[in-house]
Amino acid sequence: MSDNEQPDNAKRIKLDVSVKEENKSPKLPALHAHRKKSEGILFGMGNPLLDICVNAEEDFLEKYELEANNAILAGEKHQPMYKEMISMEKVEYIAGGATQNTMRVAQWILRKPYCATFMGSVGKDDYSKTLEKKAKDAGVVVRYQKQDKHDTGTCAVVVTKNGKCRSLVANLAAANHFSKSHLEIPENKALMEKAKFYYISGFFLTVSPESILMVGKHACENNKVFCMNLSAPFLCEFFKDPMMEAFPYVDIIFGNETEAAKFSEVQELGTTDVKEIALKIAALEKKNSKRERLVIITQGADNVVLAKHGKITEFPATKLTDEELIDTNGAGDAFVGGFMSQLVQGKTIESCIRCGIWAATEIIKRSGCSFSQDVHYHE
């Protein structure tokens, strides 16, 4: 399942990115030492979902009361949709889940196996075998919590307007049953504690806020880097309490312009301007005073906004042609994956964002959050 990007203006980003402001983004403090592609350096936790992807017309969205460029949890009225999609022509099954996508993309760019570790909850079925194989093929260390009584979660991905828009409907199933006890298993806890960088999608707020806090507190107490994502407008609104409980531990927060607007509305920040919202989010309470919070807001085909040191830096995005744009699903996950792949190597924030833009571009050129092993990132 994708998070972070809203592709309604989605002729998108290419590699040739320049920084609008002349001053270069400084490196984060205390990150210089982590330049090696170390095994287990990156830890992710989220909802592993098998994406069921179809191309459809607007009337399909209307039938199930869906909106283009939105992400929601499945309700009772959405259950028949999955069976209908499975019977549709050219249906595709792709290993998904926002954080798992990000880990796979980061691993793809890093090219050294086992740098990334991922944990989430699945059923004991063929879907989970598919997810695990895809993750392991990408070089990700997978530690699933496996459920006896629940099936592996799925995500309906309905692509409309020639690939420019996607509506996501997540049926969490087993993913909804992850528990903190899985993190407390000695070998799993050791993997969590070994990492220096952490990334958790906001979607996990609906599942195990206590697990998020456990990781966030560990990162804070050990001066490690903890990253999260706003992920969807509904999370900012309906899961605002667990979100704000985790927020003081967040060193880097990602989001898109729609999520940022909803966050500002719910938190009564008093502005609809993306740059002002980013600055105000950066200034919210933070536990680890050794490192300022970074806020990174993507805006589809428009500039990526970075708030740091009380200032805004913008990174322009180059549009893709209609022929190049295949599928925006997973673009946001890929952006974060590209960013994290450079962050764990101690690169500048400018370099991290440049790689994020490159990764999102490559994913947009393909169906789903997939990539070619023949394509390499070169800064």
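1. Two strands pair if DSSP finds at least two bridges between them. Strand β1 (residues 42-45) and strand β9 (residues 197-200) have four bridges joining them, and they run parallel. Within β9, Gly44 has Tyr199 as its bridge partner. Keep in mind throughout that this is a predicted model.

2. Which residues of β1 point which way? Leu42 and Gly44 point to one side, while Phe43 and Met45 point to the other. All four are buried. In a regular strand, side chains alternate between the two faces of the sheet.

3. Next, the charged pairs. Side chains of opposite charge can pair when their charged atoms come close. The count of salt bridges comes to 18. One of them joins Glu84 to Lys63, with the closest N and O atoms 2.9 Å apart. Glu84 sits in helix α2 (residues 79-86) and Lys63 in helix α1, so this pair ties together parts that are 21 residues apart in sequence. Lys63 is exposed, at 51% relative accessible area. Glu84 counts as partly exposed because its relative accessibility is 25%.

4. A pair within one helix comes next. Lys129 forms a salt bridge with Asp126, and their closest N and O atoms are 3.9 Å apart. Why are the two separated by about one helical turn? Because they are three residues apart in helix α4 (residues 126-137). Both Lys129 and Asp126 are exposed.

5. Arg143 and Glu187 also form a salt bridge, the closest N and O atoms being 3.3 Å apart. This pair links distant parts of the chain, 44 residues apart: Arg143 belongs to strand β6 (residues 141-147) and Glu187 to helix α6 (residues 186-194). Arg143 counts as partly exposed, at 28% relative accessibility. Glu187 also counts as partly exposed, at 47%. Elsewhere, salt bridges that share partners join Lys347, Glu350, Arg354 and Glu379 into one network.

6. Glu57, Glu58, Asp59 and Glu62 form a negative surface patch. Glu58 is found in helix α1 (residues 58-63). Is Glu58 buried or partly exposed? Its relative accessibility is 33%, so Glu58 counts as partly exposed.

7. Check the backbone at two loop residues. Most residues other than glycine have a negative phi. Asn69 has a positive phi, near 55 degrees, and is not a glycine. Asn69 lies in the loop between α1 and β3 (70-73). Asn69 is buried, because its relative accessible area of 12% falls under 20%.

8. The second case is Lys90. Its phi is positive too, at about 60 degrees, although Lys90 is not a glycine. Where is Lys90 placed? It is in the loop between α2 and β4 (92-96). Lys90 counts as exposed, with 70% relative accessibility.

Technical notes:
Residues are numbered from 1 along each chain as its sequence is written. This is a predicted model: local features need pLDDT of at least 70, side-chain atom pairs count only at pLDDT 80 or more; totals for chains, interfaces and linings use all residues. Side-chain values use heavy atoms; hydrogens and water are left out. Patches are made of residues with over 30% relative accessible area and no salt bridge: like charges are joined within 9 Å, nonpolar side chains (Val, Leu, Ile, Met, Phe, Trp, Tyr) within 5 Å. Accessible areas come from the Shrake-Rupley method with a 1.4 Å probe; for residues, only the protein chains shown count as cover. A salt bridge is a side-chain nitrogen of Lys or Arg within 4 Å of a carboxyl oxygen of Asp or Glu. Lys and Arg count as positive and Asp and Glu as negative; His and the chain ends are not counted. The place of a charge is taken as NZ of Lys, CZ of Arg, CG of Asp or CD of Glu. Buried means under 20% relative accessible area, exposed over 50%, partly exposed in between (1.4 Å probe, protein chains only).
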